[in-house]
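Biologist: I would like to learn how to read a structure like this one. Where do we start?

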Amino acid sequence: MTSLKGIGRKSANVILRETNQKAEGIIADLHVIRVAPRIGLTDDSKDGIKIENQLMKILPPEIWNEIGMAISFLGREICRPTNPKCDQCIIVKDCQYPLKFV
């Protein structure tokens, strides 16, 4: 799918997810790129492909279709770029990010 003009990894993963196809990767949008390192899943990087590859190495393929969207939603609603709502986060006890504020 990525051989089509204008379709990158993220778009291909979104299309596969939305059409209920088997995941070939993990959606890594700007929220995932920000949140995955904060919660200690990946290195701190702005490279979506690098983040996706690191996530694919540690997460089972069965959850690839959903995990990118789950992390993205967390980033949109709770783990905001500035002023994250750590006090409202359901994974705060397992998160690396609040430790930076202690």
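Modeller: Start with a definition: a polar contact is a pair of N or O atoms within 3.5 Å. Keep in mind that this is a predicted model.

Biologist: Which residue caps the N-terminal end of α3?

Modeller: Asp-47 does, with a side-chain oxygen 3.0 Å from the backbone nitrogen of Ile-49.

Biologist: Which residues in α3 are buried?

Modeller: Buried means under 20% relative accessible area. In α3 that applies to Gly-48, Ile-51, Glu-52, Gln-54 and Leu-55. These residues are on the same side of α3, because they cover an arc of only 165° around the axis. The cover over the buried residues of α3 includes α1 and α2.

Biologist: Is Glu-52 buried or exposed?

Modeller: Glu-52, in helix α3 (residues 48-58), has a relative accessible area of 2%, so it counts as buried.

Biologist: What does Glu-52 touch?

Modeller: Leaving out residues up to four places away in sequence, Glu-52 touches Arg-9, Asn-13, Gly-25, Ile-26 and Ala-28. For Ile-26 there is a distance to look at: its backbone nitrogen lies 3.0 Å from a polar atom of the Glu-52 side chain.

Biologist: How many salt bridges does a search of the whole structure find?

Modeller: For a salt bridge, a side-chain nitrogen of Lys or Arg must be within 4 Å of a carboxyl oxygen of Asp or Glu. The search finds 1. Lys-93 and Asp-94 form it, and their closest N and O atoms are 3.3 Å apart.

Biologist: Are Lys-93 and Asp-94 buried or exposed?

Modeller: Exposed means over 50% relative accessible area. Lys-93 is exposed at 71%, and Asp-94 is exposed at 53%.

Biologist: Which residues form a nonpolar patch on the surface?

Modeller: Met-1, Leu-4 and Ile-15 form one, with about 270 Å² of accessible area together. Met-1 sits in the segment before α1 (9-18) and is partly exposed, with a relative accessible area of 42%.

Biologist: What about the backbone angles? Which phi does Asn-20 have?

Modeller: Asn-20 has a positive phi of about 55°, although it is not a glycine. Asn-20 is located in the loop between α1 and α2 and is exposed, at 70% relative accessibility.

Biologist: And where is Asn-83 found?

Modeller: Asn-83 is in the segment after α4 (64-77). Asn-83 is not a glycine either, and its phi is positive, at about 55°. With a relative accessible area of 67%, Asn-83 is exposed.

Notes: Residues are numbered from 1 along each chain as its sequence is written. This is a predicted model: local features need pLDDT of at least 70, side-chain atom pairs count only at pLDDT 80 or more; totals for chains, interfaces and linings use all residues. Side-chain values use heavy atoms; hydrogens and water are left out. Buried means under 20% relative accessible area, exposed over 50%, partly exposed in between (1.4 Å probe, protein chains only). Patches are made of residues with over 30% relative accessible area and no salt bridge: like charges are joined within 9 Å, nonpolar side chains (Val, Leu, Ile, Met, Phe, Trp, Tyr) within 5 Å. Accessible areas come from the Shrake-Rupley method with a 1.4 Å probe; for residues, only the protein chains shown count as cover. Helices (H or I, at least four residues) and strands (E, at least two) are DSSP runs, numbered from the N terminus. A polar contact is a pair of N or O atoms within 3.5 Å; within protein, one must be able to donate a hydrogen and the other to accept it, and residues adjacent in sequence count only if both atoms are side-chain atoms. Contact means heavy atoms within 4.5 Å. The arc is that of the directions from the helix axis to the C-beta atoms.
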